[in-house]
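Please look over the sequence and the structure shown below, and then follow the description of some of its parts.

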Amino acid sequence: MDLPTLWFWVIAALWTGYFFLEGFDFGVGMLTRLLARDNTERRVLVNTIGPVWDGNEVWVIVAIGATFAAFPPWYATMLSAEYLPVLLILLALIGRGVAFEYRGKVDSDRWRRGWDLVILLGSWIPPLGWGLIIAGVATGLPIGKDGVLVGGMGGLFTWPAVLGALALAGFSLVHGAVFVALKTDGDIRARARALALRFGPFLLLPMAALMVLVQVRQGGLVTMVIAAVGLLAGAGAFVRLAAGREGQAFALLGVLIAGATLSLFGSDFPNIIASTVDPSFSLTVTNASSSPYTLGVISWVAAFGAPAILVYQGWTYWVFRRRISAAHIPPVHVP
């Protein structure tokens, strides 16, 4: 495997890790109004992701940074064509991070309600935006010879792209509910488990539809197998959740998102962004890659840096592995 191909799959793996980790992270934020009945239960939900949410966001920074280093035209075309969704995502992530830190600074219901709304919006916008972007990039965009979007922003809202937005948002809701069931105890755990079992299959329908659509349109044997494994894992997640095995269900949902992301990235390989205007304008692994020297340097950096990051993040999850409940939440204290 040559370095451009290797880095294409590394970037696909980075997006997979981001969607897996931030999927439940966003899902918890999306469910703060639905699952929590009072401020104490909302604090339980926020505390389930409190130690890890900022570390999870590192994955998207690394994914975009790796794209810039390994495939500059891919980076330039994707972020310029999708600048409006990217801007909305950035604003949502900034507001969400601030809300996590500020919601407990004032002992006021109105204050907390305001920041809870920011958390809610900041958790809904990114999965919708990233789903739109990644599905659109993987299935083709109306880009011209110079990599510039043709026809305005309306060209971004293709059926596969809109389906991608719904798919990632639906997956995040289910993944978040299963994570809450895995990390909490008491009534909130029971409600999260019941919600995932009752609505989860319907929420995952857009992801299943997107995977089937992409494979029918442009998939190959390998990506079809990857997609099939992902879909089977998604079905198995509900079987294990019904049996009370939240950890196994959580892991199987990880296989689902890996199958969806990798099959989506690989379905049009070696194209990176296929042009729907003229196939000759498409960006490919070959014509969009950096020089062999650049790819070699970033490969050595990744070889030493990636294991350290994985060990540190794994240690963080291990330290904060225990379940929490409303009984663990102390009274409101404002410094």
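Leaving aside residues up to four places away in sequence, Gln215 touches Gly220, Thr223, Met224, Ala227, Ser263 and Ser267, where contact means heavy atoms within 4.5 Å. Gln215 lies in helix H10, and Gln215 is buried, with a relative accessible area of 7% (buried means under 20% relative accessible area, with a 1.4 Å probe and protein chains only). Residues are numbered from 1 along each chain as its sequence is written, and side-chain values use heavy atoms, without hydrogens and water. The model is predicted, so that local features need pLDDT of at least 70 and side-chain atom pairs count only at pLDDT 80 or more, while totals for chains, interfaces and linings use all residues.

Among the buried residues of helix H11 (residues 221–242) are Thr223 and Ala227, and the buried residues of H11 pack against the helices in this table. Helices here are DSSP runs (H or I, at least four residues), numbered from the N terminus.

| Helix | Residues |
|---|---|
| H8 | 159–183 |
| H9 | 187–203 |
| H10 | 205–218 |
| H12 | 246–266 |

H11 has 22 residues and reaches 32 Å from its first C-alpha to its last, close to the 32 Å expected at 1.5 Å a residue, the expected span being 1.5 Å times one less than the number of residues. H11 is followed by Gly244, whose phi is positive, near 85°.

Key
Helix = DSSP H or I, 4+ residues; strand = E, 2+ residues; numbered from the N terminus. Buried < 20%, exposed > 50% of the residue type's maximum accessible area, 1.4 Å probe, protein only.
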